Amino acid sequence: MKAPRFHLVRPRDLAEALDRLAEPGGLVKVLAGGQSLGPMLNLRLVRPDLLVDVSGLPELRRVGREDDALVVGACVTHADFEDGRAPDVGSGMLARVASGIAYRAVRNRGTIGGSLAHADPAADWLSTLSAFGAEVEIASRSGTRRTPIGAFVTGALATTLAPGELVVAVRIPQVSAQARLGFVKHARKIGEFAHAIGAALVDPERGVARAVAGALDAAPLVIEDARELFDRSAGFDRTEAGRRLAAAGLADTVDRHLHVEALGRALAEAFDAPPGLRRAA
Amino acid sequence: MNGPAQPLEPEGVGARLPRKEDDRYMRGRGQYVADIKMAGMQDVAFVRSPLAHARIRAIRIPDDIRAQVFTADDLDGVNPIRAVSGLPGFKPSEQPVLARGKVRQVGELVAMCVAPTRAEAEDIAERVELDLEELPALHDMLRAREPGAALVHEHWGDNVFLETLVDIGIASAFDAPIKVSRTISTSRQCMAPIEGRGAIAHVDHRLDQLTVTTSCQMPHIVRSGLSECLGIEEGRIRVVAPDVGGGFGYKGILLPEEVCLGWLALRLGHPVRWIEDRREHLTASANCREHHYEITVYADRDGAIRGVDCEATVDSGAYSAYPFSACLEAAQVASILPGPYDFPAYRCRTWSVATNKAPILPYRGVARTGVCFALELALDAVAAEAGLPPEIVRAKNLVRPEQMPFDNITKKHFDSGDYPEALRRAVAAIGAEDVRARQKRGEPDGRRIGLGLSIYCEQAAHGTSVYSGWGIPMVPGHEQAGARITPDGGLELRIGAQSHGQGLETTLAQVANEILGVPVSQIRVVHGDTAMTPYSTGAWGSRMMVMAGGAVATAAKALADRLAAIGAHLLQTDPSEVRFEAGHVVGRAGDVSVAQIARVWYRRPQDLPQGVHGAGLEVTAGYKPVRDSGTFSYAAHAVVVAVDPEVGQVEILDYVIVEDGGVLVNPMVVDGQILGGLAQGIGTALLEEMPFDGAGQPLASTFADYLLPGAAEVPAARIDHMETPSPYTQFGVKGIGEGGAIAPPAAVTNAINDALRPLGVEMLVSPVTPRRIVEAVLAARAAAPARKDAA
């Protein structure tokens with residue numbers, strides 16, 4: 001389990017990185033935290049000719065607020081959020097999600113941009129940022145573009161990222177003080193890949209009640225108006241949730257049951273449901 | 001004269017001493033195979049079979065790499081690995097070290113590739129093209145047993161290594177009022193020590209020896225195996241085990257890789273190295289545990305067992321592994337299934353079945369984890385049927401202390417102990433009454449509480465009389481230890497086994513300290529090297545403390561006698577007038593220390609008397625316990641879980657272990673052994689599984705798919721020790737190395753079943769995964785929708 005031979009470059013700045021990414025010939029892969037790419041290289045599942053290491057680019061480590069959004073450089077690590085080095089939205093919502101990603105060693109190196117570009121359906125950021133309605137900022141030699149995550153991710157490990165393009169930042173819309181995040185992840189043990197993710201953001205002041213079913217074998221299922229599935233007095237409509245997940249291609253009964261549970265529990269948390277309605281069953 | 005400073009606290013048998021070896025481990029200074037560098041060393045990568053069962057039509061090697069690739073055709077004079085059992089009816093397999101004619105498992109070695117680095121060797125391996133004709137793969141042991149199944153070894157005529165039957169009056173139980181039958185199974189697992197296997201082979205021209213440095217726990221046995229396969233006399237082979245990062249049984253096995261490397265070093269003349277990677281480990285080698293039981297327990301209404309009737313099948317994989325053979329597990333099942341219980345009737349039929357999977361290897365607990373799982377789950381089913389608490393059913397049937405020593409129904413000789421007391425203590429410590437009250441109240445979060453018990457006894461250090469009956473390539477005899485006083489009064493101990501993490505460098509020093517009084521810091525334990533140690537079958541079967549400890553004690557006593565003789569002379573008195581005490585020979589008028597005696601023996605021989613024993617301060621002594629049928633340690637485990645029936649999540653809320661390992665040499669080391677075993681047991685119970693698809697492909701090839709317990713999954717268990725001495729061993733010690741891994745799967749699963757029984761759910765397959773729980777819960781709901789309201 002050793003990687004095949006490849007070339008590695010460490011560009012000094014973003015412009016050079018984009019130049020290298022645009023070079024013709026062979027497979028070029030971006031190396032950020034390397035927490036997914038590293039094992040894939042060693043298992044020889046990916047055989048790049050050139051690896052462009054962007055982890056040291058200062059442009060990709062910047063964080064700031066712009067308009068009504070938090071703009072996070074693509075190479076900000078999960079641990080940066082967990083430890084509070086990167087600013088957050090709401091009351092520690094990103095830190096909460098970040099601290100549950102894999103293991104600390106992974107969080108030390110893994111990056112938010114790398115996670116989105118890799119587009120593993122089981123990734124925590126993919127589901128959470130979909131619930132936030134975040135956007136991805138993408139650069140290439142010909143300029144930058146912005147795209148909502150829902151349009152960016154087209155399937156399992158599939159995005160609209162074209163050759164020569166690089167994820168440079170994520171724009172996360174600000175939330176009000178009353179906003180509540182529901183986030184439930186089913187994994188067989190702490191730190192392992194999720195088998196089902198439920199994420200929900202309810203922010204009445206801003207008119208947001210969005211729910212996401214993640215860790216499908218596809219892009220996350222986003223429900224723009226979660227009130228269709230959850231009512232503070234009647235609770236969770238699991239039949240409707242099951243119907244939607246089935247329509248999204250989740251055929252296995254047990255899998256669907258787990259996803260319905262995750263979604264229902266995330267919604268109960270986001271809607272601040274009374275204890276009697278917290279339990280989905 | 002000043003000897004070494006005497007420690008203030010006792011360091012002998014019973015002392016909670018920190019482990020000597022941990023200093024280098026904790027500082028990252030251990031030296032494992034992969035840490036060793038040798039001039040001119042090259043790396044080996046193997047071409048392995050991608051198919052579970054296929055005929056080899058051709059192996060095509062591009063010309064430019066031909067000199068770096070070796071196949072079975074190159075291995076002139078190399079014999080296949082043969083691990084034959086003498087049990088009647090056993091069919092031996094021949095495991096070619098590189099496949100010849102056919103491949104019988106995914107991961108079987110087909111060719112070896114040599115290059116300056118492992119990555120380059122893998123580049124070469126990729127270019128070797130295998131032309132394989134796929135054959136039907138046997139991945140299900142029950143189907144492999146049926147007539148008409150494809151054959152792993154054609155000339156056998158079926159796929160059964162060995163079938164055994166024991167029937168001790170089972171018919172007398174048939175009229176019992178309670179009859180409970182269950183189908184119970186444990187999934188295939190991998191052992192997953194922190195360090196995998198790995199070996200370096202080189203030729204030592206000065207000593208005229210092929211030296212194989214390998215991560216193993218039985219170096220002398222590996223040497224015998226290498227000698228048989230390579231056709232070289234044993235004296236020309238040296239096997240060295242450096243620091244070894246966990247063994248658990250896997251590292252007792254002779255690997256075809258080791259034979260290949262030995263041949264290659266002789267052929268190429270430079271050192272060659274192979275370091276197992278995790279994919280090789282998981283998919284090709286370190287497999288274990290796969291058992292299937294059809295078990296029936298007959299009982300009276302009061303819970304008394306009238307008889308146990310069982311058909312057990314073990315998936316032995318493609319080959320019989322050296323030295324333990326393919327039938328160790330299944331045949332052991334028949335002899336140990338009765339566990340710590342006394343009942344009058346028993347029948348057990350076993351099959352060791354060949355399939356197209358990696359050979360099954362003995363893993364910590366060996367067959368005990370499986371039989372404990374089967375019997376303890378079945379006993380909870382009996383308890384449910386009888387309407388009795390599970391502890392009552394167990395207490396009714398456990399061997400009682402006044403029966404000890406006790407020969408059970410399969411003639412196992414239990415040496416000592418109070419099994420019911422262990423159970424009583426465990427039930428009390430877990431607070432069974434409070435747990436059951438809480439269970440009745442229900443949880444605000446909707447989870448369900450369950451209480452589970454299991455109890456076992458563990459035969460350890462069983463010797464010649466037991467293993468000669470198995471007739472496998474390895475039968476343990478007297479265990480040897482060397483002991484030598486150094487000129488400054490320190491002590492060197494030499495043992496032929498390997499300490500692969502269990503702390504022998506400390507505990508054997510404690511044994512010597514108990515007798516000779518030499519401070520533990522002045523005692524060095526040399527192990528894991530056939531050139532530097534006496535012969536030993538090695539570290540297996542929880543035997544080291546009993547056997548190596550006994551040998552060290554015997555050697556130390558012999559040294560004490562010689563020290564006393566010299567000391568008496570120095571004290572100018574008769575040897576009968578002195579006694580040996582705390583590192584000193586004490587006479588009426590004074591005393592001399594070991595260091596003073598050593599100085600005279602080595603440095604001032606002119607001061608010795610004429611008739612002094614010429615053998616000096618160095619001995620090799622052999623040891624066997626008074627009876628070699630084994631010690632029986634035992635433990636009762638009690639656990640409380642919370643189960644979320646909707647998502648199948650299991651949280652362990654409390655875990656109690658009441659353990660009796662006889663006299664404990666170092667209680668802290670024993671706790672470490674128990675807790676390490678517990679972690680592995682939790683893995684078996686909840687997480688670890690190597691699944692296969694219909695083509696015999698192993699599906700968990702990395703730790704992303706093969707889940708091991710981590711810090712968050714292993715409970716902080718509370719341990720209570722009983723110390724009933726064994727009547728047969730030095731100091732009354734018993735072997736305890738495996739017990740921690742035996743009871744947890746049964747205890748945890750019984751707890752889950754206790755939690756889910758009102759839902760009509762009973763889990764009978766390990767690991768009890770969230771998916772299996774949810775599946776069972778949904779199935780139970782579908783079968784009886786009315787239950788949902790009742791629950």
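## Interface between chain A and chain B

Chain A and chain B bury about 2,400 Å² between them, with carbon and sulfur atoms accounting for 52% of that area, and it should be kept in mind throughout that this is a predicted model. The contact brings together 25 residues of chain A and 34 residues of chain B.

On the side of chain A that touches chain B, the residues divide by class into ten nonpolar, three polar and twelve charged. Two elements of chain A, strand E11 (180-187) and helix H10 (253-270), are the ones that give two or more residues to this side, and H10(A) gives the most, with seven residues.

## Polar and charged pairs between the chains

The count of salt bridges between chain A and chain B is seven. One of them joins Arg47(A) to Glu126(B), where the closest N and O atoms are 2.3 Å apart.

## Domains within chain B

The domain assignment of chain B gives two domains, of which domain 1 is made of two segments, 22-29 and 478-623, while domain 2 covers 197-275. Taken over C-alpha atoms, the centres of domain 1 of chain B and domain 2 of chain B are separated by 30 Å. The contact between them takes 20 residues from domain 1 of chain B and 19 residues from domain 2 of chain B.

The area buried between domain 1 of chain B and domain 2 of chain B is about 1,400 Å², and carbon and sulfur atoms give 49% of it. Of the area that domain 1 of chain B buries against domain 2 of chain B, 43% is supplied by Gln498(B), His500(B) and Thr530(B), which is more than any other three residues supply.

## Polar and charged pairs between the domains

Across the interface of domain 1 of chain B and domain 2 of chain B, the rule finds two salt bridges.

Ten residue pairs, both members at pLDDT 80 or more, are in polar contact across the interface of domain 1 of chain B and domain 2 of chain B. The side of domain 1 of chain B that touches domain 2 of chain B is made up of seven nonpolar, eleven polar and two charged residues.

Terms used
Residues are numbered from 1 along each chain as its sequence is written. Chains are lettered from A and ligands numbered from 1 in the order in which they are written. This is a predicted model: local features need pLDDT of at least 70, side-chain atom pairs count only at pLDDT 80 or more; totals for chains, interfaces and linings use all residues. Side-chain values use heavy atoms; hydrogens and water are left out. Domain bounds come from an automatic or database domain assignment. Contact means heavy atoms within 4.5 Å. Buried area is the accessible area (1.4 Å probe) that two parts lose on being put together, summed over both. A salt bridge is a side-chain nitrogen of Lys or Arg within 4 Å of a carboxyl oxygen of Asp or Glu. A polar contact is a pair of N or O atoms within 3.5 Å; within protein, one must be able to donate a hydrogen and the other to accept it, and residues adjacent in sequence count only if both atoms are side-chain atoms. Ala, Val, Leu, Ile, Met, Phe, Trp, Tyr, Cys and Pro count as nonpolar, Asp, Glu, Lys and Arg as charged, and the others, Gly among them, as polar. Helices (H or I, at least four residues) and strands (E, at least two) are DSSP runs, numbered from the N terminus.
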